[in-house]
Amino acid sequence: MAVPKRKMSRSNTRHRRARWKATNPQLVPVTVDGSSYPVPQRLAKAYERGLLRPEH
């Protein structure tokens, strides 16, 4: 694990943390039992195979 040689200032720490942003998942339409549901793209195959059920 990396260990800093010097203390990082509060201003620099907050500036570094402020750049990180969570993004919303990209939704794609998936048809299950004749109904279309927007689901995250990474889970689309699981919904198509029936491993997950949409809760709508």
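Is Asp 33 buried or exposed? With 80% relative accessibility, Asp 33 counts as exposed, where exposed means over 50% relative accessible area, buried under 20%, and partly exposed in between (1.4 Å probe, protein chains only). Before going on, keep in mind that this is a predicted model, in which local features need pLDDT of at least 70 and side-chain atom pairs count only at pLDDT 80 or more, while totals for chains, interfaces and linings use all residues. Residues are numbered from 1 along each chain as its sequence is written, and side-chain values use heavy atoms, with hydrogens and water left out.

Back to Asp 33, then. This residue sits in the loop between β1 (27-32) and β2.

Now for the overall layout. The chain has 2 helices and 2 strands, with helices (H or I, at least four residues) and strands (E, at least two) taken as DSSP runs and numbered from the N terminus. Read from the N terminus on, the order is α-β-β-α. The radius of gyration is 20 Å, well over the 10 Å that the globule rule gives for 56 residues, so the chain is more spread out than a compact globule. (That radius is taken over C-alpha atoms, and the rule is 2.2 Å times the number of residues to the power 0.38.) Along the principal axes, the C-alpha atoms fill a box of roughly 60 × 20 × 15 Å. As for burial, 16% of the 56 residues count as buried.

Tyr 37 is a residue to look at on strand β2 (residues 35-40). At 17% relative accessibility, Tyr 37 counts as buried.

Finally, turn to the charges on the surface. Lys 7, Arg 10, Arg 14, Arg 16, Arg 17 and Arg 19 gather there in a patch of positive charge. Lys 7 lies in the segment before α1 (10-18), and at 82% relative accessibility Lys 7 counts as exposed.

Methods. Patch = residues over 30% accessible without salt bridge, like charges linked within 9 Å, V, L, I, M, F, W, Y side chains within 5 Å. Areas by Shrake-Rupley, 256 points an atom, 1.4 Å probe, with all protein chains shown as cover. Salt bridge = Lys/Arg side-chain N within 4 Å of Asp/Glu carboxyl O. Lys, Arg positive; Asp, Glu negative; His and termini not counted. Charge placed at Lys NZ, Arg CZ, Asp CG, Glu CD.
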